[in-house]
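Hello,

Here is the structure I said I would pass on to you. Please open it first, and then read my notes below with the model beside you.

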Amino acid sequence: MKEALLLWEERERTRAEILAAVDEAEASLARGEGRIITQESMRELAEEVKRRGRARLVAEQQTPR
């Protein structure tokens, strides 16, 4: 019985965390902070990630060890 109660409490805690995250996401969208996802925006994001990764790699290679 005790184990079942602990399991239920953990599930309820996880459920509450998920609901809080959904509420925050909805509030963010309501504030206009969302992004419209298109093929072009995904391409731009991929290019930005590549650019930052390459810059980080160069910086790491230039750092003396």
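This is a predicted model: local features need pLDDT of at least 70, side-chain atom pairs count only at pLDDT 80 or more; totals for chains, interfaces and linings use all residues.

**What I found**

Met-42 sits in helix 2, which covers residues 39–62. Together with Ile-37, Leu-45 and Val-49, Met-42 makes up a nonpolar patch on the surface, and the four share about 360 Å² of accessible area.

Now for the overall picture. The chain contains 2 helices and 0 strands. Its radius of gyration is 21 Å, well over the 11 Å that the globule rule gives for 65 residues, so the chain is more spread out than a compact globule. Of the 65 residues, 2% count as buried. The accessible surface of the chain is about 6500 Å², and carbon and sulfur atoms account for 58% of that.

Next, take a look at helix 1, which runs over residues 2–30. How far apart are its end C-alpha atoms? They are 42 Å apart, and this agrees with the span that 29 residues should have at 1.5 Å a residue, which is also 42 Å.

Charged side chains come next. How many salt bridges does the structure hold? There are 9. Here are some of them:

- Arg-13 pairs with Glu-10, with their closest N and O atoms 3.0 Å apart. Both lie in helix 1, 3 residues apart, or about one turn. Arg-13 is partly exposed at 45% relative accessible area, and Glu-10 is partly exposed at 40%.
- Glu-12 pairs with Arg-15, and here the closest N and O atoms are 3.8 Å apart. These two also belong to helix 1 and are 3 residues apart, about one turn of the helix. Glu-12 counts as partly exposed at 31% relative accessibility, as does Arg-15 at 49%.
- Lys-50 and Glu-47 meet through their side chains in a salt bridge of 3.4 Å, N to O. Since they are 3 residues apart in helix 2, about one helical turn separates them. Lys-50 is partly exposed, with a relative accessible area of 40%, and Glu-47 is partly exposed too, with 45%.

Last, is Ser-28 buried or exposed? Ser-28 has a place in helix 1, and its relative accessibility is 16%, so it counts as buried, the cut-off being under 20%. What does Ser-28 touch, leaving aside its neighbours within four places in sequence? Its contacts are Glu-33 and Gly-34.

I hope you enjoy looking around!

Best wishes

Notes
Residues are numbered from 1 along each chain as its sequence is written. Side-chain values use heavy atoms; hydrogens and water are left out. Patches are made of residues with over 30% relative accessible area and no salt bridge: like charges are joined within 9 Å, nonpolar side chains (Val, Leu, Ile, Met, Phe, Trp, Tyr) within 5 Å. Accessible areas come from the Shrake-Rupley method with a 1.4 Å probe; for residues, only the protein chains shown count as cover. Helices (H or I, at least four residues) and strands (E, at least two) are DSSP runs, numbered from the N terminus. Buried means under 20% relative accessible area, exposed over 50%, partly exposed in between (1.4 Å probe, protein chains only). The expected span of a helix is 1.5 Å times one less than its number of residues. Contact means heavy atoms within 4.5 Å. The radius of gyration is taken over C-alpha atoms; the globule rule is 2.2 Å times the number of residues to the power 0.38.
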